[in-house]
Amino acid sequence: MAPAPGPGPASGAPGGRAGGNLRRNAVWAFVGALLASAGWTTAVLVVPGMVGNSSDSAPRSLGSYHVSDDFCTVGKPARLLEKYSVNTSSTSPSHHTDRNPALDSMNCSMSLKRTGGNSDSEYASVYLRADLHKAVNPAPELSANKETYRSRGYQITTIPGIGDDAYFVYKDDGSSDKYRDIYAEVDVRDGGMTFYITYSASYTQGKATPPSMDELRTMLQADADSAVRAMRK
């Protein structure tokens, strides 16, 4: 069973303030990604065999990777934050770290606002997560996740030079005449460490222009590389 990726940005619901609809669109895409990740992590912990046969499931080296108590600081997406600033509130930014004999994990979420942007015409968020798999080999998990994204119409691009395996995921949903929804992600595996950074945004058609696919790939790839390096320090 492959992990279900986040559903990607949903189409805007009619009615209400545009800003509220944009926020709901991006939030539901973000929540979907969180639920999918949590569900797959539980499956890996409870049923390790589901991600590969017994010869593939032996744990891989974690090298010098380690968890920290504040992943928003360690994994700070500096390149993305050249274009955006953090929209601070009671829930943003937020971070959490879990330590477990089989799996250590840490995450960070931020609500974003574009420098000079209009909150009524665009809404964006970024989510980062790193897992240190101590009981299983996460390689089959990452491969299954990639194929699930591909089967659902996401564009997949391999990224060389980061870890053992890395790829960029992208989907631009402009099917609504009111809203344009963007989902972008970089996934990395290095030994027994997995990391991903997810960007999710909604824009009002004709009032705001989202970053291009190439811009997002460049920013997220740079921030993934920096986060992975920081986890080894």
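Strand 8 (193–204) is largely enclosed by the rest of the structure, because 12 of its 12 residues are buried. Buried means under 20% relative accessible area, exposed over 50%, and partly exposed in between (1.4 Å probe, protein chains only). The model is predicted: local features need pLDDT of at least 70, side-chain atom pairs count only at pLDDT 80 or more, and totals for chains, interfaces and linings use all residues. Residues are numbered from 1 along each chain as its sequence is written, and side-chain values use heavy atoms, with hydrogens and water left out.

**Overall layout**

- The protein chain has five helices and eight strands. Helices (H or I, at least four residues) and strands (E, at least two) are DSSP runs, numbered from the N terminus.
- Starting at the N terminus, the order of elements is α-α-α-β-β-β-β-α-β-β-β-β-α.
- Of the 233 residues in the protein chain, 52% are buried.
- Among contacts with a separation of 6 or more, 69% join residues 24 or more positions apart. Contact means heavy atoms within 4.5 Å.

- Strand 4 (residues 122–133) pairs with strand 8 in the antiparallel sense over 11 bridges. Two strands pair if DSSP finds at least two bridges between them.
- Glutamate 122 stands opposite tyrosine 203 of strand 8.
- Strand 7 also pairs with strand 8 in the antiparallel sense, over 12 bridges. Here valine 188 stands opposite phenylalanine 195.
- The hairpin of strand 7 and strand 8 has two residues between the strands. Glycine 191 in this hairpin takes a positive phi near 65°.

**Strands 2 and 3**

- Strand 2 and strand 3 pair in the antiparallel sense over five bridges. They form a hairpin with four residues between them.
- Threonine 97 stands opposite methionine 106 in strand 3.
- Proline 93 lies in the loop between strand 1 (84–86) and strand 2 (94–98). The peptide bond from serine 92 to proline 93 is cis, with omega near -5°. Most peptide bonds are trans.

**Nonpolar cores**

- The largest nonpolar core has 40 residues. Such a core is a set of buried Ala, Val, Leu, Ile, Met, Phe, Trp, Tyr and Cys residues joined through side-chain atoms within 4.5 Å.
- Val188, Met193, Phe195, Tyr199 and Met231 touch the most other members of this core.
- Helix 2, helix 3, strand 3, strand 4, strand 6, strand 7, strand 8 and helix 5 each give two or more residues to this core.
- Beyond its neighbours within four places in sequence, methionine 231 is in contact with Ser64, Tyr65, His66, Phe71, Val74, Met106, Ala130, Met193 and Phe195.
- Another core, of seven residues, lies apart from the largest one. Leu142, Tyr149, Tyr167 and Val169 are among its members.

- The 18 residues of helix 5 (residues 213–230) should span 26 Å at 1.5 Å a residue, and the end C-alpha atoms are 25 Å apart, which agrees. The expected span is 1.5 Å times one less than the number of residues.
- Leu216, Met219, Leu220, Asp223, Ala224, Ala227, Val228 and Ala230 are buried in helix 5. Down the helix axis, the buried residues fall within an arc of 160°, so they line one face. The arc is that of the directions from the helix axis to the C-beta atoms.
- Helix 2 (71–74), helix 3 (80–83), strand 6 (165–173), strand 7 (179–190) and strand 8 are among the elements covering these residues.
- The buried residues of helix 4 are Ala139, Pro140, Glu141, Leu142, Asn145, Lys146, Thr148 and Tyr149.
- Glycine 153 follows helix 4 and has a positive phi, near 90°.

**Polar details**

- Asparagine 137 lies in the loop between strand 4 and helix 4. At 4% relative accessibility, asparagine 137 counts as buried. Its side chain reaches the backbone nitrogen of alanine 139 at 3.0 Å.
- Aspartate 172 is found in strand 6. At 32% relative accessibility, aspartate 172 counts as partly exposed.
- A polar contact of 2.5 Å joins the side chains of aspartate 172 and arginine 180. A polar contact is a pair of N or O atoms within 3.5 Å; within protein, one must be able to donate a hydrogen and the other to accept it, and residues adjacent in sequence count only if both atoms are side-chain atoms.
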